[in-house]
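Here is a short report to read alongside your model. Please keep the sequence and the 3D view open as you go.

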Amino acid sequence: MTGSVKYKSISRIPVKVVLKAAGKPVYSEFRWKRRLLQLLVLFLAVLIPASGLFRIDPSAAAFVVLDRQIWLSDFSLVTGAWLFLASSLILMYSTAGMVFCGWACPQNTMSEWANNLTHKLLGKHAEVSLTGEAIRVAGAKNKALNWFLLGISFLGAAMFFALIPLFYFYQPSVVWSFITFQEDARLASSLHWIYAVCVVIIFIDIAMIRHFWCRYACIYRVWMHSFKTRQTLRVAYDASRSKECDKCSYCVNSCFIDLDPRKTDVYDSCINCGDCIDACNRMHQKQGVPGLLRFEMLERKNQSVSKLHNVAISLFTRMGWTAPFVVLGASMFIWGLWSYQPYHVVVGHADVQQGRSVQGYRIALTNKLYHATELHVKVLGLPQGTYQLSAENVKLSAVGRESLMLSIVKDLPRGIYSFVVEVSAGDAWKGRFPVQHFSE
Ligand code: SF4
Ligand code: SF4
């Protein structure tokens with residue numbers, strides 16, 4: 001629908017648009033829930049990395065889960081997390097469609113916020129149009145102060161949103177050093193430039209791109225589309241009451257994606273935000289009847305079967321193949337956390353050789369946790385006095401590495417000696433590395 005048609009439609013909306021009917025509050029069932037969830041998602045987007053639940057350690061090129069460095073050898077944790085995430089998302093796409101876009105996606109949250117602020121400062125027809133039309137500023141609001149307030153608000157939002165990715169690469173204390181311009185060796189020297197580029201990109205996105213991104217550039221949206229079916233959550237229209245739509249297009253005007261909610265299709269751009277349903281319900285609030293639009297998960301052909309029963313069967317059918325993968329992924333992840341090894345021990349040959357036999361071993365110790373620790377090293381299986389350790393207690397910094405030397409005397413009788421290097425930590429962890437030593 002073109003913008004001009006849309007504005008004509010707005011003017012045709014009769015006075016019966018009820019915002020406060022008989023002192024009752026405005027009927028917006030979905031709007032406030034959606035706003036709450038959008039805020040919660042933004043809060044979680046910061047809380048998840050800041051709490052150490054998940055982030056990336058750029059210096060080690062590793063993922064961090066619950067302040068533990070994850071290596072490829074932590075197979076169940078890595079595979080379980082990806083399997084759980086991928087299958088949960090597929091489950092969500094096939095049942096709830098593009099609900100992520102309308103209720104959780106930060107890009108859409110920013111765009112909606114920018115739309116609302118633009119309407120407030122420049123007038124209700126001032127829209128960044130998806131059809132490329134110039135913005136229509138209300139004459140009374142076309143003031144330098146309004147443009148300035150809009151620009152400064154967009155800049156502040158861009159600076160705020162550009163900070164969120166930093167939490168995924170740095171601990172909160174480092175981000176705080178960055179925000180307060182403190183010297184911190186842990187900060188990359190080019191970070192201020194990277195941040196400035198991010199601010200510019202987000203500013204352009206908020207000021208000029210907004211829903212263009214959702215409609216024409218979002219690859220994630222294409223991916224979500226691939227899992228939609230005819231039973232996926234959609235807006236359904238009660239065509240038997242279509243007479244009530246005469247001279248009304250309130251739902252069409254409330255849709256910021258520029259769709260006609262009465263004619264939604266499986267593969268359209270509807271993001272299940274529910275604004276049109278709220279709008280139609282408001283239209284009918286005064287008459288005390290529900291609107292003509294509702295969320296629907298299936299086409300109800302068999303009216304003799306209850307709606308709840310149909311939805312349950314439909315959900316069960318779609319969950320049939322994804323749910324086992326969700327459970328498998330979650331189980332592997334929990335098992336991975338439970339069996340996680342926080343320290344790593346490797347014993348290798350040092351360059352100390354006597355003829356063909358090795359006389360020295362290097363014991364490499366790694367701390368995979370993001371706090372300092374102390375490890376105790378013992379050698380089991382070699383007679384006392386036949387070996388020497390360079391240290392028995394080793395202090396390791398957060399995700400630090402240390403190595404120590406094990407020297408074995410030359411005059412051991414000829415033969416093969418099996419021994420074990422045992423490493424223990426104060427948290428009751430014990431690691432063992434078996435070694436076969438040959439003495440000539
Ligand atoms: S569906 Fe509701 S809001 Fe939309 S045109 Fe019909 S009566 Fe108006
Ligand atoms: S059709 Fe309704 S639910 Fe879909 S995007 Fe538009 S307003 Fe939101």
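This is a predicted model: local features need pLDDT of at least 70, side-chain atom pairs count only at pLDDT 80 or more; totals for chains, interfaces and linings use all residues.

Residues are numbered from 1 along each chain as its sequence is written, while chains are lettered from A and ligands numbered from 1 in the order in which they are written.

Let's begin with the ligands. A residue counts as near one if its C-beta atom, placed from the backbone, lies within 6 Å of it. Ligand 1 has 13 residues around it, with C245, C248, Y250, C251 and C280 the closest. Helix α12 (275-285) and α11 (250-254) each give two or more residues to this shell, and α12 has the largest share with 3 residues. Helices are DSSP runs (H or I, at least four residues), strands are E runs of at least two, and both are numbered from the N terminus. Around ligand 2 there are 14 residues, and C255, P261, C270, C273 and C276 come nearest.

The unreviewed UniProt entry lists transmembrane regions that include residues 36-56 and 190-213; such annotations may be inferred rather than shown by experiment.

| Span | Helix | Strand | End C-alpha distance |
|---|---|---|---|
| residues 36-56 | 71% helix | 14% strand | 28 Å |
| residues 190-213 | 92% helix | 0% strand | 28 Å |

Just after α5, G123 has a positive phi of about 110 degrees.
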